[in-house]
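Please find below a colleague's note on the model under review.

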Amino acid sequence: MTPEEWLANFETKIADVREKAEQFRVGLEAAGTTVASPDGAIRVGVAPNGSLTDLQLADSALAGKSGAKLAEEILKLARKAQRGAAVNVAAAFEPLGGNSEAMHMVTGYVPPEEPEEPAAPEPIRERRLWQHEEPETPPPPPPVRRPPRPARDDDDDFGDTTFLRRD
């Protein structure tokens, strides 16, 4: 290989690395993620590094929920968005990193996917005309409170003496 061929080969490699670095820069800028709750009442946005950049709560997000339930939902969405951003960063780095140790390091920080909670199905009650339905059992009646017994008033008791005791 002549010095000119080596230099041309080296310049081609540098141009390739520059192109991949530019693709990585563009991919990294777009790696942030926004995730919304199923009803769209809560939206959480994160930057490529996982930091919170946006939080939007519709008035309906507050209706009928405790503060703890709302906080749990927000944190769950934030974790989901952070994982999405980490996956996007890894995908942007892949052309540069390939199957290198650096790529394994980047993908090693991708949080595990959280299991999705299945929506509770609504119970379906079928009514058939020929089918006898047992009525739902009513709740048991409340316990009966009896009034306290009045203090016993014996007129025959004249003191603390008893005929069974010897003095």
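Predicted model: local features only at pLDDT ≥ 70, side-chain atom pairs only at ≥ 80, totals over all residues.

The points below take up the overall fold, the sheet, the helix packing and the salt bridges in turn.

1. The chain contains four helices and three strands. Read from the N terminus, the order of these elements is α-β-β-β-α-α-α. Of the 167 residues in the chain, 16% are buried. For contacts between residues at least 6 apart in sequence, 48% link residues that are at least 24 apart.

2. The sheet. The three strands make up an open sheet, ordered β1-β2-β3, with antiparallel pairing. Its edges are formed by β1 (33-36) and β3 (52-57), each of which pairs on one side only. On average, and with direction ignored, neighbouring strands of the sheet are turned by 10° against each other.

3. Pairing of β2 with β3. Strand β2 (residues 42-46) runs antiparallel to β3, and five bridges join the two. Within this pairing, Arg43 is placed opposite Gln56 of β3.

4. Helix α3 and the sheet. Helix α3 lies across β1, β2 and β3. Its direction makes an angle of about 35° with β2.

5. Packing of α1 against α3. Helix α3 (residues 67-97) also packs with α1, at an angle of about 175° and with the two axes 8 Å apart. Because angles over 145 degrees count as roughly antiparallel, α1 and α3 are roughly antiparallel to each other. On the α1 side the contact is made by Val17, Lys20, Ala21, Gln23, Phe24, Gly27 and Leu28. The α3 side contributes Val89, Ala92, Phe93, Pro95 and Leu96. By class, this contact of α1 with α3 comprises nine nonpolar, two polar and one charged residues.

6. The salt bridge Lys20–Asp16. The structure holds four salt bridges. In one of them Lys20 is joined to Asp16, with 3.4 Å between the closest N and O atoms. Both residues belong to helix α1 (residues 3-29) and are four residues apart, about one turn of the helix.

7. Glu22 forms a salt bridge with Arg25, and here the closest N and O atoms are 2.5 Å apart. Glu22 is partly exposed at 39% relative accessibility, and Arg25 is partly exposed at 38%. Through salt bridges that share partners, Glu22, Arg25 and Glu29 are joined into one network.

8. The salt bridge Glu73–Lys65. Which residue does Glu73 form a salt bridge with? The partner is Lys65, and the closest N and O atoms of this pair are 2.8 Å apart. Lys65 is partly exposed, its relative accessible area being 28%.

Notes
Residues numbered from 1 in each chain as written. Heavy atoms only, no water. Salt bridge = Lys/Arg side-chain N within 4 Å of Asp/Glu carboxyl O. Buried < 20%, exposed > 50% of the residue type's maximum accessible area, 1.4 Å probe, protein only. Axes fitted to C-alpha atoms, helices over the stretch in contact; angles between N-to-C directions. Parallel < 35°, antiparallel > 145°, perpendicular 65-115°, else oblique. Contact = heavy atoms within 4.5 Å. Nonpolar A, V, L, I, M, F, W, Y, C, P; charged D, E, K, R; others polar. Pairing = 2+ DSSP bridges.
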